[in-house]
There are 2 protein chains.
Amino acid sequence: MRSEEAGEDKDYVQSLVRGLEVIRTFSQYKPRMTLSEVAQHAGLTRAAARRFLLTLVREGYAETDGKYFSLRPKVLDLGFSYLSSLPMWEVAQPIMRDVVNALHESCSLSVLDGQDIVYVARVPTERVMTIGLSIGSRLPAFCSSMGRVLLAGLPPTELAVFFDRVKLERRTERTVATMVALKDAIDTTRRQGWALVDQELEMGLRSIAVPVRNRRSEVLAALNVSTHEGRSSLEVMKTRFLPELLDAAQRISASLPQ
Amino acid sequence: MRSEEAGEDKDYVQSLVRGLEVIRTFSQYKPRMTLSEVAQHAGLTRAAARRFLLTLVREGYAETDGKYFSLRPKVLDLGFSYLSSLPMWEVAQPIMRDVVNALHESCSLSVLDGQDIVYVARVPTERVMTIGLSIGSRLPAFCSSMGRVLLAGLPPTELAVFFDRVKLERRTERTVATMVALKDAIDTTRRQGWALVDQELEMGLRSIAVPVRNRRSEVLAALNVSTHEGRSSLEVMKTRFLPELLDAAQRISASLPQ
DNA sequence: CGAAAATGTTCGTTATACGCACAAATCTGG
DNA sequence: CCAGATTTGTGCGTATAACGAACATTTTCG
């Protein structure tokens, strides 16, 4: 049953997409589901959902107790294929640990994916956000320091696409709320080479980020330190955090394979 | 073209399995590949590999520059479905950070998958292993402290399956090398409720682990602290690290949803 | 305990996915 | 710079993988 959404039908493997959708339906709120629940949430017929689930079980990606299905750690291999293919894989984490040792704040690395930043490495200290953050976590790019840095590093045409699609949904009263203000913030980030976001993502949360570049000066990822307003002033972030971050980013860049 | 390996052919979705295999072929050593390379490494015809790659690109899991294909961060969503469905998701990391603050050593959480442990959370400090470790990384269960703990918590029939398949491949001269010695180590672990592994996985590396249980006392995961032989004696690991770990594991267990 | 709901299974059908073969584009060595 | 080698793009006939409806069976629940 071809759908128009596929566009070029002849090179589209619908069964793969459906199977991936089955994996994606599992979540913190749906850690395990019956066959009918999976079918409903993944938008499949019960028979199709059953075939996908049984296939995932056979291949070790999922398991069942006879009634409920849940994912197995083998699914992490898929994400690990991506993580281990990152050029800064292997070198970033020790350098990030040095940052944490120096500043006693959480340090993270992320990349841009559509409207979001996605965490690819993290050395946590004090919990700084209400929600737990982990490799694979996503946050909106427009109101995060790493997002501002990644957006500032986009070629103009890609940035234009981002602006076309972004929805400026406030997370706090301080969240940037107009396109003019967002563009100005990104311009400022591009000019000064770093971004500082103060309580736009969550009240109390402050973070400062810098770009990690490859040898062609393209922005590959963003590196940040995040803290709580009660622990670090904006001044301390600029005078102590920023130099450490710039140094760490430079060290990561210098360690990249050619 | 049905293959005998599928067994129950009628409930097996071969296209899903092939597509997942395409994702899995990317790695640190093959961060990007041409179409023909993917076909070769994934064991597919060039036409099939092409359809899968184009489908992954369409859905945002991969990208291409017109010649080379590479994975995109959206693949991390798949692993994140699994991570976020873990019962200790959200509560483990802050507690692990407390452990790191108290002991100044790396703390990790892992689950068992076949012959391996798979890292599901990590608060790193000093780099303790030669290879970088991250969420999704795998290590052999038989010669790691977390592996010993997870194996000790297996029901007898599952442990028997593990013994049937395990290959005791030495990683150092100290690696346990006989089934008798391995079984004794696991029995000891079960009896004392923790495992200490000293330079079996890698020279210089020491780690101590305890089980994280649910309310029915089933072992869900293992929690460890790892250090270097030069930094911590075996005595310090037992007298300082172990109490902190037991306390942390208990706090994680107490925080699990019902 | 019976009705409702969920799951298992069969099977006819179709369209999904296949792979071969040829065209086109790219690369490389002389 | 060009010809041959290699790789990729694509069409298309075909096979069968995957589909889903319908019915059987099992499980759940009031």
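Tutor: We will go from the whole chain to its parts, and then to single residues. Keep in mind that this is a predicted model.

Student: What does chain A contain in helices and strands, and what does its C-alpha trace span?

Tutor: Start with an inventory. Chain A has nine helices and nine strands. Its C-alpha trace spans about 60 × 45 × 35 Å along the principal axes.

Student: How many of the residues of chain A count as buried?

Tutor: A residue counts as buried when its relative accessible area is under 20%. In chain A, 56% of the 258 residues count as buried.

Student: What share of the contacts in chain A comes from residues 24 or more positions apart?

Tutor: Here one looks at contacts with a separation of 6 or more; in chain A, residues 24 or more positions apart account for 56% of them.

Student: Which residues touch the most other members of the largest nonpolar core?

Tutor: The general idea is that nonpolar side chains tend to be buried together in soluble globular proteins. In this model the largest nonpolar core has 117 residues, and A:Leu109, A:Leu223, B:Leu109 and B:Leu223 touch the most other members. Another core, of 29 residues, lies apart from it; A:Leu133, A:Leu139, A:Phe142 and A:Leu201 are among its residues.

Student: How many residues of chain A are in contact with chain B, and what area is buried between the two?

Tutor: An interface can be read by its contacts and by its area. On the contact side, 69 residues of chain A meet 69 residues of chain B. The area buried between chain A and chain B is about 6,200 Å², with carbon and sulfur atoms giving 58% of it. Within chain A, the residues that lose the most area to chain B are A:Leu16, A:Arg24 and A:Leu76, together 10% of what that side buries.

Student: A:Leu16 is in helix 1 of chain A. How far does this helix reach from its first C-alpha to its last?

Tutor: For a helix, compare the end-to-end reach with the span expected at 1.5 Å a residue. Helix 1 of chain A, residues 14-25, has twelve residues and reaches 17 Å, close to the expected 16 Å. Its buried residues are A:Leu16, A:Val17, A:Gly19, A:Leu20, A:Val22, A:Ile23 and A:Thr25.

Student: And helix 4 of chain A: how many of its residues are buried?

Tutor: Ten of the eleven residues of helix 4 (residues 75-85) are buried, so this helix is mostly covered. A:Leu76 is one of the buried ones, as are A:Asp77 and A:Tyr82.

Student: How does strand 4 of chain A run relative to strand 5, parallel or antiparallel?

Tutor: Look for the bridges that join the strands. Strand 4 (residues 106-113) and strand 5 of chain A run antiparallel and are joined by seven bridges. Within strand 5, A:Tyr119 stands opposite A:Ser110. The two strands form a hairpin with two residues between them, and A:Gly114 in the turn has a positive phi of about 65°.

Student: Which strand does strand 5 of chain A pair with over three bridges?

Tutor: That is strand 6 (residues 138-140) of chain A, also in the antiparallel sense. There A:Ile117 stands opposite A:Leu139. Seven of the eight residues of strand 5 (residues 116-123) are buried, so strand 5 is largely enclosed by the rest of the structure.

Student: Which residues other than glycine have a positive phi?

Tutor: Two cases will do. A:His104 has a phi near 60° and lies in the loop between helix 5 and strand 4 of chain A. A:Ser217 has a phi of about 65° and sits in the loop between strand 8 and strand 9 of chain A.

Student: What is A:Arg51 in contact with, leaving aside its neighbours within four places in sequence?

Tutor: A:Arg51 is in helix 3 of chain A, and its contacts of this kind are B:Lys10, B:Asp11 and B:Val13. At 34% relative accessibility, A:Arg51 counts as partly exposed.

Definitions and conventions:
Residues numbered from 1 in each chain as written. Chains lettered and ligands numbered in written order. Predicted model: local features only at pLDDT ≥ 70, side-chain atom pairs only at ≥ 80, totals over all residues. Heavy atoms only, no water. Core = buried A, V, L, I, M, F, W, Y, C linked by side-chain atoms within 4.5 Å. Buried < 20%, exposed > 50% of the residue type's maximum accessible area, 1.4 Å probe, protein only. Helix = DSSP H or I, 4+ residues; strand = E, 2+ residues; numbered from the N terminus. Pairing = 2+ DSSP bridges. Expected span 1.5 Å × (residues − 1). Contact = heavy atoms within 4.5 Å. Buried area = accessible area lost by both parts, 1.4 Å probe.
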